Amino acid sequence: MGDLRAEIRDIIYDYDEDRITIATIGSHSALNILRGAQEEGFRTLVIGTKDRIKMYQRFGVVDLEYTLNNMKDMLDPKVQDDLKELNVILIPHGSFVAYLGTDAIQHELKIPMFGNRYLLPYESDRKLSADWLKTAGVEMPRTFESLDDVDRPVIVKFDGAGGGRGYFMLSEEELQKVENRTDYVLQKISKATGKKIKELPPLFIQEYIFGVPAYLHYFYSPLKEETEFMGVDRRYESSVDNLGRIPASKQLETNISPTYTVVGNIPIVLRESLIPKVLEMGDNISKRAYELAEPGIVGPYCLETMITEDLRIIAFEISARIVAGTNVWIPSNPYAYIYYKEPMYAGKRIAREIKNALRDGMLGEILT
Ligand code: AMP
Ligand code: AMP
């Protein structure tokens, strides 16, 4: 790990700072990232399959393109050399982490990256993220080691569920009716995902929080040493967000239960009296990140929460990089506009931090 850091520092040292290219994989929040980079005057590069690149070209956000059929080929030394030749700074996002994996990002990807690559395992590994959040004083849902211990409604999750596909809710009453709770649940997941029972990853059983989802977006600036609150969104999930259109009696007749496949995002503004708590949570999370993995959190991150009727903010996940929910506010949202006194969104804010770091000779502080 130490070696790679030194290697990255050397690469940054060799970069032509007048010819930096902002690059990302064409997926997830790439429109946001690339448009923001253009607005701040950077050359952009999109990495992806031919058809995906075409999509980004149609939006006019691509200066350069790099075609790969398999994203893992980014780890190929020849590809990495080509990218370094262009003075590339990579911007990680959800698909980026999913395609390459946190191990490869930490040990094999030798291209300067905006943000802290060593914090990415803290978003992917549920134990590590719980450690981060709980020690930052953030309230989280209860978890259950075994289905036999379940005494309240729960949501059943498992790794590799792209965007919540295959998650489902279980009530205690439903579990009480079955003899073998584990068999029952595994069969349910197998049916929902089309996977054989023995191929299923370990389950994660979490207390179901009744409330409303609120995804809190922050940006930590190492240059300003400050956590900025950038806005809030919620996911638009199929089918849970549409169940209200079906009368309860019909739901019972047809035995419908909610699913959580993300199809988009919706912007939110918060009740204003919640904001002091939101700011305090962000400050504590940023502070704790520095103690967990140097150089701490850099740039955008997102706390995924449910807010209950008694206004508790309960977090069930954290993402240590840009999330797709920030796509809802290009060119701005109310909080970002008030704070920055100009339209601002995540992609532009990332590029602004890079621009300021170049100006101040501090690129090494924001790249790993
Ligand atoms: P896609 O390119 O849409 O197949 O998405 C690639 C990855 O990003 C998948 O793991 C998705 O679950 C995730 N993803 C894409 N869009 C969103 C979104 N709006 N919210 C959360 N995750 C997303
Ligand atoms: P995740 O993939 O963990 O971000 O969760 C996907 C979706 O599942 C969320 O957007 C929520 O709608 C729902 N969800 C996740 N965890 C909980 C929870 N503990 N209680 C209620 N709903 C949840």
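Q: How far does a polar side-chain atom of Tyr 167 lie from an oxygen atom of ligand 2?
A: A polar side-chain atom of Tyr 167 faces an oxygen atom of ligand 2 in this model, which is predicted. A pair of N or O atoms is taken as a polar contact when it falls within 3.5 Å. The distance between the Tyr 167 atom and the oxygen atom of ligand 2 is 3.2 Å.

Q: Which residue places a backbone N or O atom 2.9 Å from a nitrogen atom of ligand 2?
A: Ligand 2 is surrounded by 16 residues, and the closest of them are Lys 157, Ile 209, Tyr 215, Glu 237 and Glu 317. Lys 157 brings a polar side-chain atom to 2.9 Å from a nitrogen atom of the ligand. The backbone atom that lies 2.9 Å from a nitrogen atom of ligand 2 belongs to Ile 209.

Q: How many residues of domain 3 are in contact with domain 2?
A: The domain assignment divides the protein chain into domain 1 (2-114), domain 2 (124-138 + 210-246 + 262-365) and domain 3 (143-207). Taken over C-alpha atoms, the centres of domain 2 and domain 3 are 28 Å apart. On the domain 2 side 5 residues take part in the contact, and on the domain 3 side the number is 9.

Q: Which residue has the backbone nitrogen that the side chain of Glu 207 reaches?
A: Glu 207 sits in strand E8, which covers residues 203-207. Leaving aside residues up to four places away in sequence, Glu 207 touches Pro 141, Arg 142, Phe 144, Arg 152, Pro 153, Val 154 and Ile 155. At 2.8 Å from its side chain is the backbone nitrogen of Arg 142.

Q: Which element gives the largest share of the lining of the second largest pocket?
A: The second largest pocket holds about 370 Å³ of space, and the residues lining this pocket include Met 169, Leu 170, Lys 188, Gln 251 and Pro 258. By class, its lining counts 6 nonpolar, 4 polar and 2 charged residues. Strand E7 (168-170) and helix H11 (248-254) each supply at least two lining residues. The largest share, 3 residues, comes from H11.

Q: From which domains does the lining of the largest cavity draw at least three residues each?
A: The count gives 1 cavity of 30 Å³ or more, and the largest cavity has about 80 Å³ of space. Of its 13 lining residues, Pro 92, Phe 114, Gly 115, Ala 320 and Arg 321 are the closest to its centre. By class, the lining has 10 nonpolar, 2 polar and 1 charged residues. At least three lining residues come from each of domain 1 and domain 2.

Q: What is the value of omega for the cis peptide bond from Glu 294 to Pro 295?
A: Most residues other than glycine have a negative phi, and most peptide bonds are trans. A cis bond also joins Ser 238 and Ser 239, with omega about 10°, and Ser 239 belongs to strand E10 (residues 226-239). Pro 295 lies in the loop between helix H12 (275-292) and strand E12 (299-307). For the cis bond from Glu 294 to Pro 295, omega is near 5°.

Q: What is the phi of His 28?
A: His 28 is found in the loop that runs between strand E1 (21-25) and helix H2 (30-39). Although His 28 is not a glycine, its phi is positive, at about 65°.

Technical notes. Residues numbered from 1 in each chain as written. Chains lettered and ligands numbered in written order. Predicted model: local features only at pLDDT ≥ 70, side-chain atom pairs only at ≥ 80, totals over all residues. Heavy atoms only, no water. Helix = DSSP H or I, 4+ residues; strand = E, 2+ residues; numbered from the N terminus. Polar contact = N/O pair within 3.5 Å; in protein donor to acceptor, adjacent residues only side chain to side chain. Contact = heavy atoms within 4.5 Å. 1 Å grid on protein atoms, 1.4 Å probe; cavity = no way out; pocket = protein on both sides within 12 Å on 5 of 7 lines; lining within 4 Å. Points joined across faces, edges and corners; volume = space filled by probe spheres on them. Nonpolar A, V, L, I, M, F, W, Y, C, P; charged D, E, K, R; others polar. Domains from an automatic or database assignment. Near = heavy atom within 4 Å.
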